[in-house]
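Biologist: Before I plan anything, please take me through this model. I will ask, and you can show how each value is reached.

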Amino acid sequence: MKLIGAIFSLALFVVPANASTVTVSSQMDIFAAGLGSDPSGGTLPLLLSLTPGSYAFTATGSISCCSGSNANGPEGQNATGTIYNGTTNPHVGNYTGPALALTGVYFNGTDLFQPFLLGASGIFIVPVGTTLYLGTADAMAYGGLSGTYG
């Protein structure tokens with residue numbers, strides 16, 4: 001699926017401090033976290049260098065997989081599946097959840113982390129010694145190998 005339509009906007013709140021806003025493109029490949037380039041034809045996911053702690057967030061916006069299809073918000077589409085990491089990245093595992101959702105993955109350069117659904121709002125905790133990447137998980141028909149970002 002070629003992703004079009006393009007962005008989610010994410011407002012991060014350090015619990016309980018001030019907010020900042022970041023933009024996540026629909027072509028940001030969550031499986032390329034920590035890599036120097038994206039072999040899937042997408043772009044690198046957004047790196048957030050956050051101090052360890054709790055963060056609340058809200059996300060808005062929509063993306064669409066292809067011309068003429070319905071757009072979805074950060075919660076993703078009704079279609080769910082398992083997307084297998086199709087990159088050469090040994091530190092990002094597989095993703096199971098709603099297609100085309102706003103996802104995150106922790107990264108420390110040595111351990112394997114699973115991408116997880118962020119969706120439209122919630123609280124997440126950044127563990128000590130990690131960074132957080134934001135992006136989307138996509139594959140042809142929302143299952144199988146990742147890599148339909150171009």
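Predicted model: local features only at pLDDT ≥ 70, side-chain atom pairs only at ≥ 80, totals over all residues.

Modeller: Residues are numbered from 1 along each chain as its sequence is written, and side-chain values use heavy atoms, with hydrogens and water left out.

Biologist: How many helices and strands does the protein chain have?

Modeller: Helices (H or I, at least four residues) and strands (E, at least two) are DSSP runs, numbered from the N terminus. Along the sequence the pattern reads β-β-β-β-β-β-β-β-β-β-β. The count is 0 helices and 11 strands.

Biologist: What percentage of the 150 residues is buried?

Modeller: Buried means under 20% relative accessible area, exposed over 50%, and partly exposed in between (1.4 Å probe, protein chains only). Of the 150 residues in the protein chain, the buried share is 47%.

Biologist: Is D38 buried or exposed?

Modeller: D38 sits in the loop between β2 (19–25) and β3 (46–48). Its relative accessibility is 13%, so D38 counts as buried.

Biologist: Which residues does D38 touch, not counting those up to four places away in sequence?

Modeller: Contact means heavy atoms within 4.5 Å. With residues up to four places away in sequence not counted, D38 touches D29, A32, T43 and L44.

Biologist: Which backbone nitrogen lies 3.2 Å from a polar atom of the D38 side chain?

Modeller: A polar contact is a pair of N or O atoms within 3.5 Å; within protein, one must be able to donate a hydrogen and the other to accept it, and residues adjacent in sequence count only if both atoms are side-chain atoms. The backbone nitrogen of T43 lies 3.4 Å from a polar atom of the D38 side chain. At 3.2 Å, the backbone nitrogen is that of G42.

Biologist: What distance separates the C-alpha atoms of G42 and S26?

Modeller: G42 is also in the loop between β2 and β3, and at 16% relative accessibility it counts as buried. G42 and S26 are 16 residues apart along the chain, and their C-alpha atoms are separated by 8.9 Å.
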